[in-house]
Amino acid sequence: MILLAFETSCDETSAAVIQDGRVLSTVVSSQVRLHSEYGGVVPELAAREHLRNLMPVARGALRDAGVEPAQLDAVAATRGPGLPSALMVGFRAAQGMAFALGKPFVGIHHHEGHLYSPWIAGRPPVADFAAFQPNLSLIVSGGHTMLVHVAGELRHRVLGATVDDAAGECFDKIGKLMGLAYPAGPEIDRLAERGRPDAFDFPRPMIHDANDEFSFSGLKTAVRYFLRDRPGLTEDLRALGDVCASVQAAIVDVLVAKTLRAAGRLRVACVTASGGVTRNSSLRRRLREACEQSGLELRLAQPELCTDNAAMIGILAERKLLRKTGTTPWVADVLPGWQLHEALEA
Ligand code: KG4
Ligand code: ZN
């Protein structure tokens with residue numbers, strides 16, 4: 001089966017061509033530089049950029065894969081959650097293309113795409129579902145932080161999520177307080193390399209709570225007051241590194257502790273992690289160490305598959321089509337507020 005997939009839920013325009021579990025090509029056009037000027041994603045600008053980029057990105061993916069539109073067996077796109085106007089661009093284009101070709105169309109839940117992305121491995125990436133085993137999955141992105149029990153392939157249950165800011169949002173907002181450009185996560189990661197993680201003792205919200213929920217807005221507020229009381233501190237590069245390393249340690253401590261606790265409670269043998277924040281070097285290292293100590297297998301999404309991409313959408317769409325659970329009706333619309341637990345019924 002050859003499938004073309006689109007992802008336009010936020011600020012990345014992406015298209016990928018999938019054939020029988022293999023990613024033949026992926027093109028990602030990031031709008032990060034455009035939104036950076038405004039300190040966050042501006043929905044109207046995102047939609048306009050998606051419109052501008054979608055066809056060149058799709059043509060690029062088809063060309064790289066050496067595939068003609070007439071060879072496609074299906075077309076897929078992210079249906080939600082995300083920015084309504086941004087989702088609409090990729091979703092409608094995919095629907096129109098599938099309709100014109102007379103092929104099935106599949107609307108995919110963005111987080112379900114992240115959830116199964118750790119099972120895509122190698123360069124070029126190939127779906128590795130033969131190795132699939134029940135797992136506890138941490139999804140950490142710019143908009144979401146959640147723990148999910150994946151009891152079987154395409155069988156999952158959300159255990160808990162953030163009650164306020166997501167981990168990525170926390171990185172980005174704290175970075176903004178320090179004058180770093182959006183998105184600040186990668187820059188904090190880089191600056192933290194030269195800092196001391198124990199230089200400042202920032203709060204680890206809900207780390208000891210016996211539930212699977214997260215909260216990061218208290219940490220953000222604590223850092224805001226900390227910086228307010230020390231004007232000019234982060235102008236010193238050493239101090240900036242220390243603040244970044246200490247903030248990163250607080251976020252990573254919470255993510256690792258809660259992930260490992262949930263895995264222990266559920267008695268799974270495997271932990272997976274995905275989403276943009278999974279690119280964070282400290283999170284990757286600490287999860288590896290913690291899982292090794294606990295005798296758990298760890299599958300981290302490959303760095304280029306952590307951030308938003310159409311390859312994870314296409315691989316999942318193909319999986320769903322093979323199981324005959326995938327086709328989305330022509331009358332379907334985007335679902336900007338789609339919850340992951342609802343994706344199972346859709
Ligand atoms: O999954 P993603 O690409 O988009 C959403 O679906 O939200 O995640 C983007 C988020 C941003 O908040 C960004 O700052 C964060 O991932 N991020 C990182 C790193 N790379 C990306 N956060 C910390 N360290 C990184 N290396
Ligand atoms: Zn995402």
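Where is Pro81 in this fold? Pro81 sits in the loop between β4 (74–80) and α3 (84–101). Helices (H or I, at least four residues) and strands (E, at least two) are DSSP runs, numbered from the N terminus.

Some ground rules. This is a predicted model, where local features need pLDDT of at least 70, side-chain atom pairs count only at pLDDT 80 or more, and totals for chains, interfaces and linings use all residues. Residues are numbered from 1 along each chain as its sequence is written, chains are lettered from A and ligands numbered from 1 in the order in which they are written, and side-chain values use heavy atoms, with hydrogens and water left out.

Back to Pro81. A cis peptide bond links Gly80 to Pro81, with omega about -10°. Tyr182 and Pro183 are also joined by a cis peptide bond, with omega about -10°. Pro183 is in the loop between α5 and α6.

One more backbone point. Leu154 is not a glycine, yet it has a positive phi of about 60°. Look for Leu154 in the loop between β9 (145–152) and β10 (155–161).

Now the domains. The chain splits into domain 1 (2–125 + 305–344) and domain 2 (133–301). Those bounds come from an automatic or database domain assignment. The C-alpha centres of domain 1 and domain 2 are 26 Å apart. Domain 1 puts 27 residues into the contact, and domain 2 puts in 30 residues. Contact means heavy atoms within 4.5 Å.

How much area is buried between domain 1 and domain 2? About 2400 Å², with carbon and sulfur atoms giving 65% of it. Buried area is the accessible area (1.4 Å probe) that two parts lose on being put together, summed over both.

Where does ligand 1 go? Both domain 1 and domain 2 give residues to the shell around ligand 1, so ligand 1 lies between them. There are 20 residues around ligand 1, and Gly142, Asp172, Asp189, Gly276 and Asn280 come nearest. Here, near means one heavy atom of the residue lies within 4 Å. By class, the shell has 5 nonpolar, 11 polar and 4 charged residues. Ala, Val, Leu, Ile, Met, Phe, Trp, Tyr, Cys and Pro count as nonpolar, Asp, Glu, Lys and Arg as charged, and the others, Gly among them, as polar.

Next, the polar pairs. The side chain of Asp189 has an N or O atom 2.9 Å from a nitrogen atom of ligand 1. A polar side-chain atom of Asn280 is 3.0 Å from a nitrogen atom of ligand 1. Gly276 uses its backbone: an N or O atom there lies 3.0 Å from an oxygen atom of ligand 1. On its own, ligand 1 has 560 Å² of accessible area, and the protein covers 89% of that. Accessible areas come from the Shrake-Rupley method with a 1.4 Å probe. The elements giving two or more residues to the shell are α4 (110–116), α5 (167–177) and α6 (185–192).

Note on methods. Polar contact = N/O pair within 3.5 Å; in protein donor to acceptor, adjacent residues only side chain to side chain.
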